[in-house]
Amino acid sequence: MSESRRILLVGATGLVGRTIIERSPELDDVMLQGVARREIAFPEGVRMELVLAESDAWPGIIAQLCPDAVISALGTTHKKAGSQEGFREIDHDLVLEVGRAAKDAGVKNFVQISSVGADAFSRNSYLRVKGETERDLKSLKLRRLDILRPGLLRGKRENDLRPLEQLGQFAAPVGDLFLRGAKTKYRSIKAIDLADAALAFATAKAGGQFIHEHEAMMRMTREFRRALAAKTEAQDG
């Protein structure tokens, strides 16, 4: 991370978004921006420019901010959305609006947090919408598109009780030991690991379209942290 880059975070109020925000004090060469519909309580030391607006105004805001990269951590659940249609409006329609705005603004990198098992032809409505979103983002032909497909996300959510997910998080470290070979992609991932992978891909230079599952994300996370540690050591020296 040698050049200062403006990274716009969309979906800042969720677990991944909040984790990226908490990371900002350590990222001297990143100017973190965000757009959200409601205020966010920032931890001490956070460096971030946040614009509050309804989602229909986001494309215009993206054009004004003109970021180098966008990290889309948008996502909800059928329960919170109230219906399958409401879920699709956020996880597909709003993500595509953000993608088109990023394309029009000349954004170099677009990182989409998707889900393991995403498939436009899945019988599971959640995975089908995720797959359709991936497909339609690819059709935009962004300069660089990185699609991250995490398994169960491990971390503490705020004001979002998900009992089954909490149970899964408790059992995941043991269950992950049995997920090997082709099943490795289903392993759980800590929110901090996914956040670091997203930040790393947001600063990648090569163009193209890429899909990353568990091992690829963890590899990028390790590279990101090594680079960050080397930079800190150089500054201290």
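I began with I20: setting aside neighbours within four places in sequence, I20 is in contact (heavy atoms within 4.5 Å) with L9, L32, I71, A195, A198 and L199.

A note on ground rules before going on. I am working from a predicted model, where local features need pLDDT of at least 70, side-chain atom pairs count only at pLDDT 80 or more, and totals for chains, interfaces and linings use all residues. Residues are numbered from 1 along each chain as its sequence is written, and side-chain values use heavy atoms, with hydrogens and water left out.

**Entry 1: helix 1**

Buried here means under 20% relative accessible area, exposed means over 50%, and partly exposed lies in between, with a 1.4 Å probe and protein chains only. Helices (H or I, at least four residues) and strands (E, at least two) are DSSP runs, numbered from the N terminus. The buried ones are L15, V16, G17, R18, T19, I20, I21 and R23. I then asked what covers them: the cover includes strand 1 (5-10), strand 2 (30-36), strand 4 (69-72) and strand 7 (153-154), along with helix 7 (191-202) and helix 8 (214-236).

**Entry 2: the cores**

Next I looked for nonpolar cores, meaning sets of buried Ala, Val, Leu, Ile, Met, Phe, Trp, Tyr and Cys residues joined through side-chain atoms within 4.5 Å. The largest has 36 residues, and I7, L9, I20, I21, I71, L148 and L194 have the most contacts inside it. Two or more residues each come from strand 1, helix 1, strand 2, strand 4, strand 5 (109-113), helix 7 and helix 8. Helix 7 gives the most to this core, nine residues. I also found a second, separate core of 24 residues, with V10, V70, V95 and L145 among its members.

I followed V70, which is found in strand 4. V70 has a relative accessible area of 0%, so I log it as buried. Beyond four places in sequence, V70 is in contact with L8, V10, V98, A102, V107, N109, F110 and V111. The C-alpha atoms of V70 and N109 are separated by 6.3 Å, with the two residues 39 apart along the chain.

**Entry 3: two helix pairs**

I took helix 7 with helix 8 next. Their axes come within 8 Å and cross at roughly 75 degrees; the axes are lines fitted to C-alpha atoms, for helices over the stretch in contact, and angles run from 0 to 180 degrees between N-to-C directions. The two helices are therefore roughly perpendicular; the bands are under 35 degrees for roughly parallel, over 145 for roughly antiparallel, 65 to 115 for roughly perpendicular, and oblique for the rest. Helix 7 brings I192, D193, L194, D196, A197, L199, A200 and F201 to the contact, and helix 8 brings A216, M217, M218, M220, T221, F224 and R225. These divide into 11 nonpolar, one polar and three charged residues. For those classes, Ala, Val, Leu, Ile, Met, Phe, Trp, Tyr, Cys and Pro count as nonpolar, Asp, Glu, Lys and Arg as charged, and the others, Gly among them, as polar.

How do the axes of helix 2 (residues 58-65) and helix 4 (residues 84-104) cross? They come within 9 Å and cross at roughly 30 degrees, which makes helix 2 roughly parallel to helix 4. W58, P59 and I62 of helix 2 make the contact with L94, E97, V98, A101 and A102 of helix 4. I count seven nonpolar, no polar and one charged residues there.

**Entry 4: loops**

Is T76 buried or exposed? T76 counts as buried, at 11% relative accessibility, and is found in the loop between strand 4 and helix 3 (78-81). Not counting residues up to four places away, T76 touches A81, F87, I90, D91 and Y126.

I found D68 in the loop between helix 2 and strand 4, buried at 14% relative accessibility. Leaving aside neighbours within four places, D68 is in contact with S4, R5, R6, V107, K108 and N109.

C66 is found in the loop between helix 2 and strand 4 and has a positive phi of about 50 degrees although it is not a glycine. C66 counts as partly exposed, at 33% relative accessibility.

K141 has a positive phi near 55 degrees and counts as exposed at 62% relative accessibility.
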